[in-house]
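Please look through the sequence and the model below before reading on.

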Amino acid sequence: MPRQKKKPNYNPEDTMCQLMDEVSGLYLSAEGEGSHSIREIADEFGMTPLKIRKILITAGAFSSETCDWVLQLKKMGKSISEIQELTGLGRASVHSYLPYTKNIYNAEEMSLNAERIRVYRRRKAAVDSLRESIRAKEDIFILEEKLWEAVKAFEKYPFYTMKGLRFTYVLKGRELFVSRKEKSITGSTVMLAFRKALELQQKVKGPKQLETFGASYLYPVFLKVGVIEV
């Protein structure tokens, strides 16, 4: 009797196609090509910028002079070492300018990519739901619940303060524990800041206008989930 597959419905090629669709779709969004930077997309999917660029190249969504040069040299039969010497790029950079091939479809990497897709879609759904509810001017208690769902969805996501300081947060009950701060931000504080943003019709010019503890961290979170519009 043949050994049963651990993941009988697992399709690595389909997972890779889904990842390319999500990444390239974000890069080539309605606002125009490059409206989301490669670094921003890397943050969205928990990947390095080099891997995101490689995915975009594979999907045919990214091109540059360097990219075209590397691809041309590869087509000419040049080795990675020869391309390094001709371009002055490091080995990792050269690889990042070359599209993926099927031999990268290993189970561990594809399983991780499937989880990245799931997390990204969950975050997007939470943001879309919150934004739609705000536009519809739903009851404040419904809005607060949807905000908290969005906050939960972005746990461990890399945010940046207005000063460019990177931070993440984890949740313990109804409290946010920010990586750069010892004292937690309570759920009630988050909601106070949320109500203030709504009072200002989402036109918040900076953290101070939220008038709450931890505003420098809540401000970029609110920007990300659509509470604040710029």
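This is a predicted model: local features need pLDDT of at least 70, side-chain atom pairs count only at pLDDT 80 or more; totals for chains, interfaces and linings use all residues.

## Basis of the report

Helix H2, which runs through residues 38-45, has six of its eight residues buried, so the helix is largely enclosed by the rest of the structure. The buried residues are Ile38, Ile41, Ala42, Asp43, Glu44 and Phe45, and after the helix comes Gly46, a residue with a positive phi near 65°.

Helix H10, made up of residues 215-225, is likewise mostly covered, with eight of its eleven residues buried. Those buried residues are Ala215, Tyr217, Leu218, Tyr219, Pro220, Val221, Phe222 and Val225. The residue that follows H10 is Gly226, and its phi is positive, near 90°.

When the whole structure is searched, nine aromatic pairs are found. One of them joins Phe154 and Tyr157, whose ring centres are 5.2 Å apart and whose planes stand at 80° to each other, an edge-to-face arrangement. Phe154 is buried, with a relative accessible area of 2%, and Tyr157 is buried too, with a relative accessible area of 5%; each value falls under the 20% that marks a buried residue.

Phe167 and Tyr217 also form a pair, with 4.9 Å between the ring centres and 80° between the planes, so this pair is edge-to-face. Because Phe167 belongs to strand E2 (residues 166-167) while Tyr217 belongs to helix H10, the pair ties together parts that are 50 residues apart in sequence. Both Phe167 and Tyr217 are buried.

## Arginines over ring faces

Which residue lies over the face of Tyr97? It is Arg53, placed at 3.7 Å from the centre of the Tyr97 ring.

A further arrangement of this kind involves Trp148, where Arg174 lies over the face of the ring at 4.3 Å from the ring centre.

Conventions:
Residues are numbered from 1 along each chain as its sequence is written. Side-chain values use heavy atoms; hydrogens and water are left out. Buried means under 20% relative accessible area, exposed over 50%, partly exposed in between (1.4 Å probe, protein chains only). Helices (H or I, at least four residues) and strands (E, at least two) are DSSP runs, numbered from the N terminus. Rings of Phe, Tyr and Trp (its six-membered ring) pair if their centres lie within 6.5 Å; planes under 30 degrees apart count as stacked, over 60 as edge-to-face and the rest as tilted. A charge sits over a ring if NZ of Lys or CZ of Arg is within 6 Å of the ring centre and within 35 degrees of the ring normal.
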